[in-house]
Amino acid sequence: MNREQFGEGLFLILCGLFKKAVISDYISLNFVDRVFDAPLLYTGVENLLGLYGYALQIYCDFSGYSDMAIGIALLLGLRFNINFDSPYQSATITEFWRRWHISLSSWLKDYLYISLGGNRKGKFRTYVNLFITMLLGGLWHGASLRFVLWGALHGVSLAIHKFLMSCFPSLKPVGSDMSWGHRVIGMVITFHLVCFGWIFFRADNMQIAGDMLSQIIYHFHPEVFPQFVAGYTGICFLMVLGYLFHFMPKSMESGMQIVVTRSPLCIQVLMVVLAIFIVVQVKSAGVQPFIYFQF
């Protein structure tokens, strides 16, 4: 292990710790869980913000776990592949699954999609294979209707995007070749499609999912937003901070990593101490288990 590996590993561990123990756990315990436990007690705008909070929570939980694992491996002289690549920056649902939980999506592709025939048996069979693959991916998370709906939503979305690309060759599977305006529109649409799926993924039952959708559609009440910000200032701050970090350009992230890598050992030790201090300050209960452990 050289100095570069040590610095990169330390940076990943610090990032993962901040994502998991500061952002994910705090917004979960103090806001997201409350909304999903009783969505009828909150207005539609609060339910929508709770959904945005869960989208950030599950990303920070999953990617925080991966970052820490990759960082610890680097300290041991091993290099693992990246597992989350800023997935909410995706401009299409296909791009999302190339950025989200890359190890899982690769497994689904290699052992389910390709085994079913992939795209080798005609267009219609390709769409069916995409749907079946994601449906089974949903069932893998749990034998429940809500997971089936989550998998079906992504399967249908992937199939529709594949169909549109066949009809309009100018469309791309990823948004890197899009104009800036089209990419932003694609990111907004893809993000909200993914968030819609998170409702079924997170809700304890279909009644909760229905209640949340009902509140968002029929009882939105945007006028309570200022009161929400005043009452949940810490939550709003961490959510904004989390999404800012997520949408941060790669160049800035690389710059931060270089700063950590090139810092003297005493400064690196201070960074670790500061990170532990922040975690202790925001911790409101015992350490929360990683979400992925339940699967």
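Reply: A helix here is a DSSP run of H or I with at least four residues, a strand is a run of E with at least two, and numbering starts from the N terminus. The structure is a predicted model, in which local features need pLDDT of at least 70 and side-chain atom pairs pLDDT 80 or more, while totals for chains, interfaces and linings use all residues. Residues are numbered from 1 along each chain as its sequence is written, and side-chain values use heavy atoms, without hydrogens or water.

Me: What makes a residue part of the lining of the largest pocket, and which helix gives the largest share?

Reply: On a 1 Å grid over the protein atoms alone, a pocket is an open set of points with protein on both sides within 12 Å along at least five of seven lines, and a lining residue has an atom within 4 Å of a point. For the largest pocket, 40 residues form the lining, with Phe11, Leu14, Cys15, Lys19 and Met256 nearest its centre. Two or more of the lining residues come from each of H1 (3-37), H2 (44-75), H10 (233-246), H11 (250-262) and H12 (265-282). H1 supplies the largest share, 10 residues. The volume, about 1,000 Å³, is the space filled by probe spheres set on grid points joined across faces, edges and corners.

Me: How do you know which residue classes make up that lining?

Reply: Ala, Val, Leu, Ile, Met, Phe, Trp, Tyr, Cys and Pro count as nonpolar, Asp, Glu, Lys and Arg as charged, and the others, Gly among them, as polar. The lining of the largest pocket then has 26 nonpolar, seven polar and seven charged residues.

Me: Which residues lie closest to the centre of the second largest pocket, and which helix contributes the largest share of its lining?

Reply: The second largest pocket has a volume of about 500 Å³. It is lined by 16 residues, and Thr94, Arg98, Lys109, Tyr113 and Leu130 are the closest to its centre. H4 gives the largest share, five residues. The lining divides into eight nonpolar, five polar and three charged residues.

Me: Why are H6 and H7 called roughly antiparallel?

Reply: Axes are lines fitted to C-alpha atoms, for helices over the stretch in contact, and angles between N-to-C directions run from 0 to 180 degrees. Angles under 35 degrees count as roughly parallel, over 145 as roughly antiparallel, 65 to 115 as roughly perpendicular and the rest as oblique. The axes of H6 (145-167) and H7 (180-202) cross at roughly 160 degrees and come within 7 Å; the pair is therefore roughly antiparallel. Contact, meaning heavy atoms within 4.5 Å, joins residues including Trp150 and Leu153 in H6 to residues including Trp198 and Phe201 in H7. The residues of this contact comprise 10 nonpolar, three polar and two charged.

Me: Why are H2 and H10 oblique to each other?

Reply: Their angle is about 50 degrees, with the axes 10 Å apart, so the pair is oblique.

Me: Why are H1 and H12 described as roughly parallel?

Reply: H1 and H12 pack at about 10 degrees, with axes 10 Å apart, and are therefore roughly parallel. Among the residues that meet are Leu10 and Leu14 in H1 and Val272 and Ala275 in H12. The contact of H1 with H12 has 14 nonpolar residues, one polar and no charged.

Methods
1 Å grid on protein atoms, 1.4 Å probe; cavity = no way out; pocket = protein on both sides within 12 Å on 5 of 7 lines; lining within 4 Å.
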